[in-house]
Amino acid sequence: MKKDFLGARIGVMALILCYQMLWSQTYPVHHSISSTVFWVGEKASEENGEIPNLASVWDDMWMEDYGGVDDPDDRAGYKPRGFTPRENPFYVALPYNDFNAEGKHRKNLKSYIPWVKRKPPKDQSVCKNRWVEIKKKGKTVYAQWEDSGPFGEDDIDYVFGNARPKNRINNHAGIDVSPAVRDYLGLDDVDTVDWRFVDGANVPKGPWKRRITRSQVNWVDWYRPDLNASFQWQLQGKLNTSIDAEIYDVDLFDTSKKTILRLKRDGHRVICYFSAGSWEDWRRDAHYFPEKVKGEALDGWEGERWLDIRRHSVWRIMRARIALARRKGCDGVEPDNVDGYQNETGFDLTARQQSAYNRFLARAAHKRGLSIALKNDLDQVEELVPFFDFALNEQCHQYNECDLLDPFVEAGKPVFNVEYAKKYVQNSQGARTKMCRDARERGFYSLVLPRSLDGSFRISCDKNASQTASKQGYRGFLLSAYNPPYAWNYEPPYKDGPFRYYKNAHFDTLMWAKADDRYLKKIHKFHLKYFLNIGEIVGEKFLRGRLRKKTPKIPEAKLKEVERIVRKYQRKKDHDLLGYYLCDEPFPSAFGNIAKVIRRIRSIDSSHLILVNLWPFFKGEEDRIDGQHYIGGDYYLEKFIKKTKIRLLLSDRYVFHEGYDEQAEFFRELIRLRKHALRHHIPFAMHIQAVGTDYVSPDDEDLDWRTPNESEHRWLVYTSVVYGVHGIVWFHWDSDWGVTGNPPYVRKKLYASIRDLNKDLSSLGKILVQLTSTQVYHNDTTRYVTSPNRPQKLRAAEDDSPIIIGWFKDRQEQENYFMLVNKDYDEEITEDYILSFTIGRLEVFNVHTGKWEPCTFSIDGNKCEFTVHLDPGKGKLFRFFQE
């Protein structure tokens, strides 16, 4: 019996082994393929065709998801020195992408990709993360497929067949390998290897299996202008930044990154112009265009020739230009000359080829988080509307072609129209008046501009247009409390006492104010700003919803009432109005309703903020949104942002409980909010814990928050600020279990603590709103970090010192600000710090005087050392200068 069993077992194992051998043989070996080295975070250069590797074809946040730059020259074994990658450092690129230019799967994948047996889910790649076996001189390494390249995305016959690579660069390179693969095989920068696909079950143990990449397609959202957006277009001359317009359209190459970021800081969206259909001999990338792609000259435009848009080399350069727009901070792009098929280009271009090229441009922009305009190309508008976010047209009124643009407005997408004719400039016989009337009836935003687009004059058809600068929303530091002065006197007549008490605590904003003129008079009397409470007009059941249950639709009557209230306060032109408050902790089922209210508000008032406080992350069974997603998680935040187009993120997490603290959850909440805020270029704020439930429901096990002491309050403020928040909201203030509901001796102590910290924030916030967080790390742990550079730039002399270090950049993109925070709220700390480079001057910000003061330091070789004292939970902001 034992022999029979053993024989059967050996037979089964042999069958399995044979099956695996036969299965692995279905993947052909590609012999003597030229390989080149690439890496996550590689900057654009002539060597890589001006294509940076901040993003891959499948992951627009590749560098962030990987954890940082996979520096090929500074290694620690097979990893980059200084951080542990979040994804597999053994990766490759092959010249194929299973998605086409529109972001859809290519047709008939299963006919040529051997492992595809059925139609894949629309948002999943069948190529990303596949294993590849690579050999060189008897050594074998395994890596995962994470990008497309080198220099191609559609080489089917090579990648899945027996053909040689179509690419002709770098000895016909057919595979890009990561630094880890290079080092394991001992490859040169350009070398030759053999490779083939392998199934995951056949990949042996090795350093390539210590961290396996499992993430799927991650394409970011992008800015979509609404129908009421205003527009300014200037491509030459000194840029006039005083125009009151939501969108500025500027030249991609001639406009500095500093100018673009300044416009965005002032509340504008920036669209960047480049020509996608013509070669311009003065552009800095002009030498990359092969002579064979240059056609006939453009009439009236010296130094400019039509391009053969069918050529892959043109597509590659345009992809690099779109990547440049993203790096410079543009919100979108305006590719010009995308109607070559209707012109004498020197090439036999067809409408179908033009449409394919234009759709490629749209997909390339959207993959990089950029909106895109369809410039002219009127005969293809109806076909291309789904792929573009807005239209930019020249002279449709002059040539009676505006009907062709109506599909954009019908799709809820704006049309920006520009006219140049003298009759419109001079309004001869009322020509401009008639044109503007027609534009408004169509829903177009029309301008009369100089043909040179040099900013010398601007005439707008928008009756509300002005030449003064405006800010889209509030750009100050939000300092407020949940549940402001209501409970003491919710109904009129409203008393001064609660407002005075609130103002004297150095608050500057009411988080929600009653839409009652008598209430608002008190706000004005005490020089407060406010968010108007629209939520109580709509109703909680429509805006908050329920988990995993359908939320009822908002009745039109309620939306009309919202319109009436917003119009009323818009007419008042109240400078103290910061925006509109909607609701607290909505469930995903209500996101559609929230988006509907926001759209209705913005159709009347697009310049003020809208406030929604979101759920923090919970991961209990009762907190599931569906089978794999939870309340407050990444999926929840992304879905909310994409659905509502919110311009300020706000959430909460309360740390201090009876018998335990939730510091780890608090830090993870800050990291999550920060990540999504930076991804979508919006600020974020944090609700922090002012009180506990000690005196309200001491016997209620579900409400076990304890009231923080002064040091813990300070800890909450500064640990939030170091992660880059642009606002603090104290929870909570005026109710039976807020600050005012505590016994007098407790209330007095709480009030003093919050008042003093608010005073600090009022001073510090003026600096913080001018800065953007770039990285955060903890000196004593690798957890809760947003950046891989923890040991390198700045560190405490003692490795176990409980310090959080946050780096910031200013509006000129200079990363010369950092903050140190003592995350021990029980003990003060005096510590030495080491900067890994030399500086000329170091200053610390004094929150009491509101001024920068010199800070002493010493230079030791190529390093700087300085000493800082921090009270429990305290933080300090520093800046340095190199001179």
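Aspartate 799 sits in the loop that joins β32 (794-796) to β33 (803-809), with helices (H or I, at least four residues) and strands (E, at least two) taken as DSSP runs and numbered from the N terminus. This is a predicted model, where local features need pLDDT of at least 70, side-chain atom pairs count only at pLDDT 80 or more, and totals for chains, interfaces and linings use all residues. Residues are numbered from 1 along each chain as its sequence is written, and side-chain values use heavy atoms, with hydrogens and water left out. Here is a quick tour of the charges.

**Surface patches**

- Aspartate 799 counts as exposed because its relative accessibility is 58%; the classes are buried (under 20% relative accessible area), exposed (over 50%) and partly exposed (in between), using a 1.4 Å probe and protein chains only.
- On the surface, Asp799 gathers with Glu798, Asp800, Asp832, Asp860 and Glu865 in a patch of negative charge; patch members have over 30% relative accessible area and no salt bridge, and like charges are joined within 9 Å.
- Lysine 645 lies in the loop between α18 (634-644) and β26 (649-652), and its 31% relative accessibility makes it partly exposed.
- For the bookkeeping, Lys and Arg are positive, Asp and Glu are negative, and His and the chain ends are not counted.

**Salt bridges**

- The structure holds 49 salt bridges, each one a side-chain nitrogen of Lys or Arg within 4 Å of a carboxyl oxygen of Asp or Glu.
- Aspartate 74 pairs with arginine 81 in a salt bridge at 2.9 Å, N to O. Aspartate 74 is partly exposed at 30% relative accessible area, and arginine 81 is partly exposed too, at 46%.
- Glutamate 280 and arginine 283 form another salt bridge, with their closest N and O atoms 3.0 Å apart. Glutamate 280 counts as buried because its relative accessibility is 3%, and arginine 283 is buried at 7%.
- Asp70, Arg75, Arg182 and Asp183 are tied together in a network of salt bridges.

**Inside helix α18**

- Glutamate 638 and lysine 642 are both in helix α18, four residues apart, which is about one turn of the helix.
- Their side chains meet in a salt bridge at 3.8 Å, N to O.
- What about burial at the two ends of this pair? Glutamate 638 is buried, with a relative accessible area of 11%, whereas lysine 642 is partly exposed at 34% relative accessibility.

Key:
Patches are made of residues with over 30% relative accessible area and no salt bridge: like charges are joined within 9 Å, nonpolar side chains (Val, Leu, Ile, Met, Phe, Trp, Tyr) within 5 Å. Accessible areas come from the Shrake-Rupley method with a 1.4 Å probe; for residues, only the protein chains shown count as cover. The place of a charge is taken as NZ of Lys, CZ of Arg, CG of Asp or CD of Glu.
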